[in-house]
Amino acid sequence: QVQLVESGGGLVQAGESLRLSCAASRRTFSSYRMGWFRQAPGKEREFVAAVSSNGGFTYYADSVKGRFTISRDNAKNTVYLQMNSLKFEDTAVYYCNAVVNRDPLFGSWGQGTQVTVFS
């Protein structure tokens, strides 16, 4: 089973930026489409962004399109989420996982990384 370790979260003011990282333990990482999800307090986990296995294709939730950028480095088994122009409503715990369309593939999740945006 793959292990996913998210990092890079923090407390930021609205309008600022953060870069999240997700390190995967599996050597077959490069064969998976990878994505980011988030879960705000009292809400269900939702899809944020995904990147194809070779990094050439990305897609986003409408709520983050134009502000967030997903990328990956297969040599490092790592996927990133650059978050710019952060809003209060981006506050959530962020998780990564392999994806199928906009759904998670793996049944287990990492610990996530907390992003808190204050206005």
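This is a predicted model: local features need pLDDT of at least 70, side-chain atom pairs count only at pLDDT 80 or more; totals for chains, interfaces and linings use all residues.
In what order do the four strands of the open sheet stand?

Residues are numbered from 1 along each chain as its sequence is written, and side-chain values use heavy atoms, with hydrogens and water left out.

**View 1. Four strands build an open, antiparallel sheet.** The order is β1-β3-β8-β7. Strands here are DSSP runs (E, at least two residues), numbered from the N terminus, and two strands pair if DSSP finds at least two bridges between them. At the edges stand β1 (4–7) and β7 (68–73); each has a single partner strand, so one side of each lacks a neighbour in the sheet. On average, neighbouring strands are turned by 15° against each other, direction ignored; the axes behind this angle are lines fitted to C-alpha atoms, and angles run from 0 to 180 degrees between N-to-C directions.

**View 2. Strands β3 and β8 run antiparallel.** Look between β3 and β8 (residues 78–83) and you will find six bridges joining them. Across from Gln82 in β8 stands Arg19.

**View 3. A disulfide joins Cys22 to Cys96.** A disulfide is a covalent bond between the sulfur atoms of two cysteines. The rule used here asks for a pair of cysteine sulfur atoms within 2.5 Å, and it gives a count of one disulfide. In this pair, S to S is 1.7 Å. Cys22 sits in strand β3 (residues 18–24) and Cys96 in strand β9 (residues 92–100), 74 residues apart. The torsion about the S-S bond is about 45°, so the disulfide is right-handed. Cys22 is buried at 0% relative accessibility, and Cys96 is buried at 0% as well. (Buried means under 20% relative accessible area, exposed over 50%, partly exposed in between, with a 1.4 Å probe and protein chains only.)

**View 4. Asp90 forms salt bridges with Arg38 and Arg67.** A salt bridge is a side-chain nitrogen of Lys or Arg within 4 Å of a carboxyl oxygen of Asp or Glu. The closest N and O atoms are 2.9 Å apart for Arg38 and 2.7 Å apart for Arg67. Asp90 and Arg67 are both buried, and Arg38 is buried at 6%. Together with Glu46, these residues are linked in a network of salt bridges.
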